[in-house]
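Please examine the sequence and the model before reading on.

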Amino acid sequence: KLAAENGVLLPGGDSDISPGTALHAAAAAVVRAALAAHDRGDDHFPVWGTCMGFQLLTLVVGGDAGLLGRFNGSDYASRLLLT
């Protein structure tokens, strides 16, 4: 139950964050609870992801396991447009 907490940190590390794993399921439950609290107008419940934790949040919120697919980015330069 998240009522006793005031936020969650999803840290980095070397874990399997694929859909179907216990870690993915737990993160999804936390994110769903945080979004539901927001929709009800309750206090904010921050969910912070660092490194692989942010990747896990991307998978959970995006709902598409292909979002973090592999690609060859070696020596790939591109422009950064700040607008």
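Q: Which residues in H1 meet residues in H2?
A: In this predicted model, the H2 side of the contact is formed by Leu56, Leu57, Leu59, Val60 and Val61. The residues of the contact divide into nine nonpolar, one polar and no charged. On the H1 side, the residues that meet H2 are Leu23, His24, Ala27, Ala28 and Val31.

Q: Are H1 and H2 roughly parallel or roughly perpendicular to each other?
A: Two packed helices are described by the angle between their axes and the distance between the axes. The axes of H1 (residues 22–40) and H2 (residues 52–62) come within 10 Å and cross at roughly 65°. Angles of 65 to 115 degrees count as roughly perpendicular. H1 and H2 are therefore roughly perpendicular.

Q: Is the crossing in which H1 passes H2 left-handed or right-handed?
A: The crossing angle of the two axes is roughly 65°. The sense in which H1 passes H2 is right-handed.

Q: Is His24 buried or exposed?
A: His24 lies in helix H1. Leaving aside its neighbours within four places in sequence, His24 is in contact with Ile17, Ser18, Pro19, Leu56, Leu59 and Val60. Its relative accessible area is 12%, and residues under 20% count as buried. His24 is therefore buried.

Q: What arc around the axis do the buried residues of H2 cover?
A: The buried residues in H2 are Met52, Gly53, Leu56, Leu57, Leu59 and Val60. They are on the same side of H2, because the arc they cover around the axis is only 160°.

Q: Which residues are exposed on the other side of H2?
A: An α-helix has 3.6 residues a turn, so residues three or four places apart point the same way. The buried residues of H2 are covered by elements including strand E1 (8–10), H1 and strand E2 (47–49). On the other side of H2, the exposed residues are Phe54 and Val61.

Q: Where is Cys51 found, and is Cys51 buried or exposed?
A: Cys51 is found in the loop between E2 and H2. Its phi is near 55°, a positive value in a residue other than glycine. With a relative accessibility of 58%, and with over 50% as the cut-off, Cys51 counts as exposed.

Conventions. Residues are numbered from 1 along each chain as its sequence is written. This is a predicted model: local features need pLDDT of at least 70, side-chain atom pairs count only at pLDDT 80 or more; totals for chains, interfaces and linings use all residues. Side-chain values use heavy atoms; hydrogens and water are left out. Axes are lines fitted to C-alpha atoms, for helices over the stretch in contact, and angles run from 0 to 180 degrees between N-to-C directions. Helices (H or I, at least four residues) and strands (E, at least two) are DSSP runs, numbered from the N terminus. Angles under 35 degrees count as roughly parallel, over 145 as roughly antiparallel, 65 to 115 as roughly perpendicular and the rest as oblique. A crossing is left-handed if the near helix is turned anticlockwise from the far one by less than a right angle, and right-handed if clockwise. Contact means heavy atoms within 4.5 Å. Ala, Val, Leu, Ile, Met, Phe, Trp, Tyr, Cys and Pro count as nonpolar, Asp, Glu, Lys and Arg as charged, and the others, Gly among them, as polar. Buried means under 20% relative accessible area, exposed over 50%, partly exposed in between (1.4 Å probe, protein chains only). The arc is that of the directions from the helix axis to the C-beta atoms.
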